[in-house]
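I opened the model to look things up and kept short notes. The entries follow.

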Number of protein chains: 2
Amino acid sequence: MLRLYDFLLSGNCYKIRLLLTQVGIPFERVDVDITQGETRTPEFTSKNLNGRVPVLKTEAGEFLAESNAIMFYFSENTQFLPNDSWQRAQVLQWLFFEQYSHEPYLATPRFWISVLGKAEEYRDAIEQKHEAGYAALKVMETHLSDRSFFVDERYTIADIGLFAYTHVADKGGYDLSKFPAIKAWLELVQAQPQHISITQS
Amino acid sequence: MLRLYDFLLSGNCYKIRLLLTQVGIPFERVDVDITQGETRTPEFTSKNLNGRVPVLKTEAGEFLAESNAIMFYFSENTQFLPNDSWQRAQVLQWLFFEQYSHEPYLATPRFWISVLGKAEEYRDAIEQKHEAGYAALKVMETHLSDRSFFVDERYTIADIGLFAYTHVADKGGYDLSKFPAIKAWLELVQAQPQHISITQS
C-alpha cells in the first residue's frame, strides 16, 4: 500500500489526503511532527533530501516529494487532471503560482498563529506576509470572478492545490469577507464528492 | 509566431529562451523591464494577473505564465521531458523544489546585488537568504554526488530549471567552490547542444 509521510495540520499534506481519497486510492499515514524537527533527521532526509512533508512512498519503495508533483502523478488519467496539454499547462501554472506567490504568505502566518500560538512574537513578520498574501488572493478573486473553477470550468488539482491553504486563511489572520468569488469557490470545492476536511485522516 | 514577454537578466525568462532554442521552436521577444514596474501595468496584468515575467503568448492569442509550467508545456513529447509518468513526476518534484526552496533564495540576492547594485543596503537580508540558499545547494550537491543529471540520467527541464539561477549564484554572493558535483553538472549543462547564455536573446 502507498505510504504518506504526513503532518495533519499541513495544508501541503492535506492536498494528498484529499486527492487520494477522491481518486479512491488507499494509503496509510505515517505521522511526522514538523514542530519537533522530525523532518530533519537523517532517517527522514533519506526519504526526502529537502527535509519536508509530504513524502509519498510507493509500493515499489520509491519516494516522491513536493505536494504538487505528487498530486500531478496521482491525477494523471483521472477526472482531476485534463488530458489536453494546454489545459494541463494551465493547471501547472496555478500550482506553481500556489507554491511561489501564495503558500509562502498564507501558510506561514497560519503556522505562527495557529500551530505555534505565537501571534504576538511574529506580529511584524505576519504583517509583511499579509501584504503579499492579499495580493495573491486578489489574483485568485479576479480570476474566479467570471468562472467557477481555476481551469477548464471543472474541479482539478489546481483547485485542490489552492484550496489547501486558502480555506484556512483566517487561521493566519486573513479576512476573506472582501473576496466573494473566492468564498463561492471554497463552497464549491467543499461540495465535491468524497471531500474530507483538513484534520480528517 | 510565439511571443515571449521577457526580461533578459531574469533566470526564469532565460529558462524559456534556452528550452525553446534547444527544442528548435522560433519565438519573438518583447522586452519588459521589471525594474521599471512594467509588469505591474494594467496592460501587462491583462496578460498575467500575477504581474510577472515570463509570459508566453501563443499564436492563438492565449497566455501562459510561470516559467516551469511554460517549460513543461513546450517539452512534452520532446527529449527534454520523459514520457514515463514516474520520471515526469520526478522532474516536477525538482521544478517545485526550485520554485519553493531554491529560486527565492538564489534569485533575490542576485537581483539586489547585481541588478539593483544595492549589496550594502540589503546586507542583512542577503545573509538570511544565503542560509536557506546554501541548504538548497546542499540538497542539489547530495543528489548530484552519484548522478550526472537530476532525473533519469539525462538532460531534462529539471536541469534547465535549476541551472537558471544556480549558474549565476556567484552574482548573488554565493561561493560554489565547496560544491564539486554542482560545478560538474553546470559544465555538463553548458555543454549541451544549442546551449545559449543568459543574456543572449
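Helix α5 of chain B came up first. I find residues 123-144 in this helix, 22 in number. From first C-alpha to last, α5(B) reaches 30 Å, close to the 32 Å expected at 1.5 Å a residue. The expected span is 1.5 Å times one less than the number of residues. Helices here are DSSP runs of H or I with at least four residues, strands are E runs of at least two, and both are numbered from the N terminus.

I noted that this is a predicted model, where local features need pLDDT of at least 70, side-chain atom pairs count only at pLDDT 80 or more, and totals for chains, interfaces and linings use all residues. Residues are numbered from 1 along each chain as written, chains are lettered from A and ligands numbered from 1 in the order written, and side-chain values use heavy atoms, without hydrogens and water.

Where is the kink in α5(B) centred? I find it at His130(B), with about 25 degrees. The bend is the angle between axes fitted to the seven residues ending at a residue and the seven starting there.

His130(B) is also buried, as are Ile126(B), Gly133(B) and Leu144(B), among others in α5(B). Buried means under 20% relative accessible area, exposed over 50%, partly exposed in between (1.4 Å probe, protein chains only). The cover over the buried residues of α5(B) includes α4 (85-115), α6 (157-166) and α7 (180-190) of chain B.

Next, the two copies. The same surface serves both copies: 100% of chain A's contact residues recur in chain B. Contact means heavy atoms within 4.5 Å.

I then checked Gln90(A), in helix α4 (residues 85-115) of chain A. Is Gln90(A) buried or exposed? It is buried, at a relative accessible area of 15%. Apart from neighbours within four places in sequence, Gln90(A) is in contact with Val151(A), Phe63(B) and Leu64(B).

Last, chain A as a whole. I count seven helices and four strands, in the pattern β-α-β-α-β-β-α-α-α-α-α along the sequence. Of its 201 residues, 54% count as buried.
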